[in-house]
Amino acid sequence: MSSDHYAVIDAVIATEKNSYLATIVKVEGTAYRKEGTMMFITDAGKEKGLLTGGCVEQDLLARIEMQQKAKAFLMEYDLRSEDDLTWGQGIGCDGKIYIMVEPVTPATSKVFQQLKSHMQKGESVKLIKSFHKLDNFLVNTVSPQTKTETNVASTSFLDTDNKYIFTQALSPQPRLIIYGAGPDVKPVVSFASKAGFYVILSDWREAICSADNFPDAKEYQIGSPTQVLAAIKPSEDDYVLLMTHSFSKDQEFVHLLLERRVKFFGLLGSKKRSEKLLAEKIKPDWIHYPVGISIHSESPEEIAISITAQLIKIKNEKNSLVGKIG
């Protein structure tokens, strides 16, 4: 699931007046973004998300502004033309995309609130859009996904005599648990949050683990490693980073976390320090040290980029695998 989906969902829930939701429902050939990509648009030009490399958004906004009455519509953009003045040239597009545009109504907002409520509980959901061709009326419905359904294609598009039916699977926002609230953690929280992670920041020092210092974090937990892990209860789907620079705190945290299982556990620091922390403990394949992709990073920002890149890589490898099953 794309990282900007969560921002779009929040924008739809807020239900601004004169706002629209645009969704790519079908792609023929290749395109900048894939089926299920969403974008929130207001008639004032405010946007959340991105559908293409910028080649169709302004046209969509113009068509919205021309409407005398707010209604749903389906747009088809052929990006394959050899005419340099047409859609898609110069941005790597070589396909045709179909975009379903709908006015955001209180009913839409209510459905998206239900959707978000399911995802906050860790549940995957199906969002179904039924577009009635006769009157350009669109209805959204949402339901939890079964375990069997998580192994099938994430989107489907059905064109019947009377309707277009688009079904999209949406996954919960991945949780990133960080223990340590030092200055070098700030860019990690910022980048990871923008990349779509739900960041839970924890530390034993209440004075620095706060929204004032880390406005991009979603939750804050204060306490020792034992207290924090008991409160957060990491699951097999969670990502964890250990960034305290305190050897004793790190040692306690490692000992406790290795009794569980998580999706990803990254240790900040040198390989020698990490090996010393792990001592004779069994090293599962989900523990990574030194954390981050090797880009010869030096500054806190560069290190944060390398860490966030590794988190994205692991997350997207998981999503690609699910898409290939069945």
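Colleague: Before we start, what does it take for a charge to sit over a ring?

Modeller: For Arg the atom to follow is CZ, and for Lys it is NZ. That atom has to be within 35 degrees of the ring normal, and its distance from the ring centre has to be within 6 Å.

Colleague: Good. In this predicted model, how far is the charged end of R205 from the centre of the W204 ring?

Modeller: The charged end of R205 does sit over the ring of W204. Its distance from the ring centre is 4.1 Å.

Colleague: Which lysine lies over the face of W204?

Modeller: Here the distance to the ring centre is 4.7 Å. The lysine over the face of W204 is K249.

Colleague: Are the planes of Y179 and W204 stacked, edge-to-face or tilted?

Modeller: Their ring centres are 6.0 Å apart, and the planes make an angle of 40°. Stacked needs under 30 degrees and edge-to-face over 60, so what's left for this pair is tilted.

Colleague: How many residues apart in sequence are the parts this pair ties together?

Modeller: Y179 is in strand β10, whereas W204 is in the loop between β11 and β12. Y179 is buried at 0% relative accessible area, while W204 is partly exposed at 29%. In sequence, the parts tied together by the pair are apart by 25 residues.

Note on methods. Residues are numbered from 1 along each chain as its sequence is written. This is a predicted model: local features need pLDDT of at least 70, side-chain atom pairs count only at pLDDT 80 or more; totals for chains, interfaces and linings use all residues. Side-chain values use heavy atoms; hydrogens and water are left out. Rings of Phe, Tyr and Trp (its six-membered ring) pair if their centres lie within 6.5 Å; planes under 30 degrees apart count as stacked, over 60 as edge-to-face and the rest as tilted. Helices (H or I, at least four residues) and strands (E, at least two) are DSSP runs, numbered from the N terminus. Buried means under 20% relative accessible area, exposed over 50%, partly exposed in between (1.4 Å probe, protein chains only).
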